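Let's walk through this structure together, starting with the whole chain and moving on to its parts. Keep the viewer open as you read.

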Amino acid sequence: STQSTWDFIGNLVMEEASSAVKFKVLFVLIDGIADNGIAELGNKTPLQHANFCHFNSLAQGGLSGIHDPVQSGLACGSDTAHMSIFGYDPFKLYNGRGAYESLGSGISMDFGEIAFKSNFAYINDETGIVERRRVDRHFDKWGLDICKDLNNVVIPGYEHDYKITVLHATEHRCGVKVTGPHLSSDITGTDPIVDNKPLRKVEPINKENPDAILTADIINKLSEAIRKRLSDHPINKARKAAGDFYTNVVLLRGCGSRLKVDSFENKQKMKPFMIAPTAVIAGIGLTFGMDIKIAKGATGYYDSDYFSKASVAVETFKKENYDFCFLHIKGVDDAGHDGSASIKENLLKKINDMFGKLFKDLREIEVASKDKTKFIVLLTG
């Protein structure tokens, strides 16, 4: 479990206080590494089928087991899973994913503002059915100006007191923040969660909460205003005429506000940094006071430069006084969503090579310190 992991690390921190050895942690999370047996791979998972040497050495030289990030049998999202992994109880603290997505995409958030994890999508205007929740994974190649233009959208009936901020995150995703008085995150969203379902109407979760009732009305009107702006946008009109994917709706889900919590450093007694190009993960790190380090070429998709991530991790440990690095890898999960075992296996090969570099470079730091610095490498998914 996550708690036993932190108990183990906490014991090492206590041990280091009475010794000359400084323990540092590299925590690598490969989103989507787990899988079922696949017939075309002889009923093996991509990881089993490829038989990678550095993954094998990590397993053989350490402790292995099944990691339930929150609790056994609970299918949790990336947000609640990472909260728990870092030692924060989502059952007590979770209030939506939107604030994480927005913070990670670069939108600053004050307490009292609300934000959404959002997708650029396509809705059939005649039927009201959302036919593509993800309009195009390559939206960032053609849609960034559309995203910027949404910052000028006004909310009908609420023009003077409320404003929105929109910033592209990754692929087809963006963060959407709403600023104004008496906002509540206690509302549903517009996202139907799966393709070919109707766009949802926002409702207050607590129908006796006047702020939630007000906020639901604001967001429903915002959703309609965004749809109109997208439908009228010249880029979308041109793409529609050419028969290309175009976006005419932004799906709003996971409404959340910024959490007031103790920092990771105070809670776990380690100074942390994070390497995570995926906005929601970076936002979680920022919420818990982690420093975000940028790795050139790290995209969170198939083309992400894993060696760049490894280099930034090693150089940061060398040059700055950090005790904990969280390194997040996303592309493998996209391969699973896209149903491609071959892409997944190829990405795992690249990650295996990345581990080879990490093991070598971290060992060089240990040797240079005359083994007064020791690294613990954790891997989960």
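Of the 381 residues of the protein chain, how many, as a percentage, count as buried? The answer is 51%, where buried means under 20% relative accessible area, exposed means over 50%, and partly exposed lies in between (1.4 Å probe, protein chains only). Before going further, please note that this is a predicted model, in which local features need pLDDT of at least 70, side-chain atom pairs count only at pLDDT 80 or more, and totals for chains, interfaces and linings use all residues. Residues are numbered from 1 along each chain as its sequence is written, and side-chain values use heavy atoms, with hydrogens and water left out.

Now for the overall build. The protein chain holds 14 helices and eleven strands; these are DSSP runs numbered from the N terminus, with helices being H or I of at least four residues and strands E of at least two. Along the principal axes, the C-alpha atoms fill a box of roughly 65 × 45 × 40 Å. Counting a contact as heavy atoms within 4.5 Å, 69% of the contacts between residues at least 6 apart in sequence join residues at least 24 apart.

Let's turn to the interior. In soluble globular proteins, nonpolar side chains tend to be buried together. Here the largest nonpolar core has 34 residues, and those with the most contacts inside it are Ile 30, Ile 351 and Phe 355. Such a core is a set of buried Ala, Val, Leu, Ile, Met, Phe, Trp, Tyr and Cys residues joined through side-chain atoms within 4.5 Å. Elements that each supply at least two of its residues include β1 (22–30), α12 (306–319), β10 (324–329) and α14 (341–368). The largest share, eight residues, comes from α14. Leaving aside residues up to four places away in sequence, Ile 351 touches Ile 30, Phe 55, Tyr 306, Ile 329 and Val 332. Apart from this core lies another, of 32 residues, with Ile 146, Ala 216, Ile 218 and Ile 219 among them.

Helix α14 also contains Asp 361, which counts as buried because its relative accessibility is 11%. Asp 361 and Ala 313 are 48 residues apart in sequence, with their C-alpha atoms 10.0 Å apart in space.

Next, find helix α6 (residues 98–105). Seven of its eight residues are buried, so α6 is largely enclosed by the rest of the structure. The buried residues are Gly 98, Ala 99, Tyr 100, Glu 101, Ser 102, Leu 103 and Ser 105. Their cover includes α4 (78–85), β2 (114–124), β4 (163–168), β5 (173–179), β7 (249–256) and α11 (279–287). After α6 comes Gly 106, with a positive phi near 110°.

Most residues other than glycine have a negative phi. Asn 43, in the loop between β1 and α2 (46–50), has a positive phi of about 60°; with 59% relative accessibility, Asn 43 counts as exposed. Asn 51 sits in the loop between α2 and α3, has a positive phi near 55°, and is exposed, with a relative accessible area of 54%.
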